[in-house]
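Q: I would like a close look at one part of this model, with the rest as background. Please keep it brisk and give the cut-offs as you go.

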Amino acid sequence: MGALVGFPLWLLLSLGAALYFPDSFRELKSWILPLLMWIMLMMGMTLRWQDFVAVWQRKNLVLFGVVLQFVFMPLFAWMLAILGQLPTEWLIGMILVGVTAGGTASNVVTYLAKGDLALSVSMTLVSTLAATFLMPILTWVYLQESLEVPVIPMLLTLVQLIFLPLAAGMLLAHFFRNAVQYSVVWLPHLAQFAIALIVGIVVALNMDRFSDVGMVLIMAVVLHNALGMLAGYLGARFMGYGSVAARTLAIEVAMQNSALSVALAIKYFSAMAAVPAALFSIWHNLSGMLFAAYWRLRDKTEHLEKTKSCKR
């Protein structure tokens, strides 16, 4: 089963199972972090140290992505909430999604979309570090509320979820090159299965919060994600970068760390304020995977066309 067909099927099966057996999936809550670490380990097996050195040569693109992340995404969230006349609690939730950093899922989707994984990981790091002081400022600007961001736990989580597994995967690839090369063909399929299971667990955990969700909120979440993806892709292309860098920036900007937004909403505001972030956590994985599927199909088509041209 190809990567294009595999993920939608895994995702549908996971969502269906989560809807029918929510209690069983809720019991898997403790699996989320290990699954994320396993995904990053697999991605690390496809990277080289030289990939990160090459990213430094494009530091302007990384900084541009951070600007999009913290200038346009909060603005898009605020505009959509105002235009949709969302209740105050949902406005708060939309803003919390807008002001957060790129999520770990963006690295997974970049990997599946055949984007620049080293660039994606670097942008996640920079945006997460920036979020530690920009999130409280931007939250106050848009909501006139002070918000304490757990800086140290956030950084420790970043190290645990991203850098240690990535480094371990890269070391495995370096010292066990032949074995890793043999398994590389299966890594996208394993990553797809893991992320589909995570989405199912998130759905089960937030199912009670979705009962009062209206179409206006759904459209706001969908448009927020789409605007971020469009701004990232067109922005990179406008700066003269190719499709690989552009698709990477689009994914990184559009896929927010909604899990952090959910946690902050519940801790500092209310469970209802967490609904937009919980909804976003589902949608951005779906849209991200559709985006990845499109680019995998397009790359495959272009490769076949070039092969046919060479044979002629």
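Some ground rules come next. This is a predicted model, where local features need pLDDT of at least 70 and side-chain atom pairs count only at pLDDT 80 or more, while totals for chains, interfaces and linings use all residues. Residues are numbered from 1 along each chain as its sequence is written, and side-chain values use heavy atoms, with hydrogens and water left out.

The protein chain has 15 helices and 0 strands. Of the 312 residues, 51% are buried. Buried means under 20% relative accessible area, exposed means over 50%, and partly exposed is in between (1.4 Å probe, protein chains only).

Now helix α5. It covers residues 59-83, 25 residues in total. Its first and last C-alpha atoms are 35 Å apart, close to the expected 36 Å. That expected span is 1.5 Å times one less than the number of residues. The kink lies at Phe72, shortly before the proline Pro74, and is about 30 degrees. The bend is the angle between axes fitted to the seven residues ending at a residue and the seven starting there. Just after α5, Gln85 takes a positive phi of about 50 degrees.

What meets this part of the chain? Start with Val99, in the loop between α6 (88-98) and α7 (104-112). Val99 is buried, at 0% relative accessible area. Beyond four places in sequence, its contacts are Phe70, Pro74, Met135, Leu138 and Thr139. Val99 and Gln69 are 30 residues apart in sequence, with their C-alpha atoms 7.6 Å apart.

Next is Ser127, in helix α8 (residues 117-143). Ser127 counts as buried because its relative accessibility is 2%. Not counting residues up to four places away, Ser127 touches Val66, Gln69, Phe70, Ala101, Gly102 and Glu252.

Then comes Leu227, in helix α12 (residues 215-238). Leu227 is partly exposed, at 32% relative accessibility. Its contacts beyond four places in sequence are Phe76 and Leu80.

Last, the cores. A nonpolar core is a set of buried Ala, Val, Leu, Ile, Met, Phe, Trp, Tyr and Cys residues joined through side-chain atoms within 4.5 Å. The largest has 63 residues, and those with the most contacts inside it are Ile39, Met43, Tyr111, Ile198, Ile201 and Leu249. Helix α11 (residues 187-206) gives the largest share of this core, 12 residues. Apart from it lies another core, of 35 residues, and Val99 is one of its members, along with Ala130, Val213 and Phe280, among others.

Methods:
Helices (H or I, at least four residues) and strands (E, at least two) are DSSP runs, numbered from the N terminus. Contact means heavy atoms within 4.5 Å.
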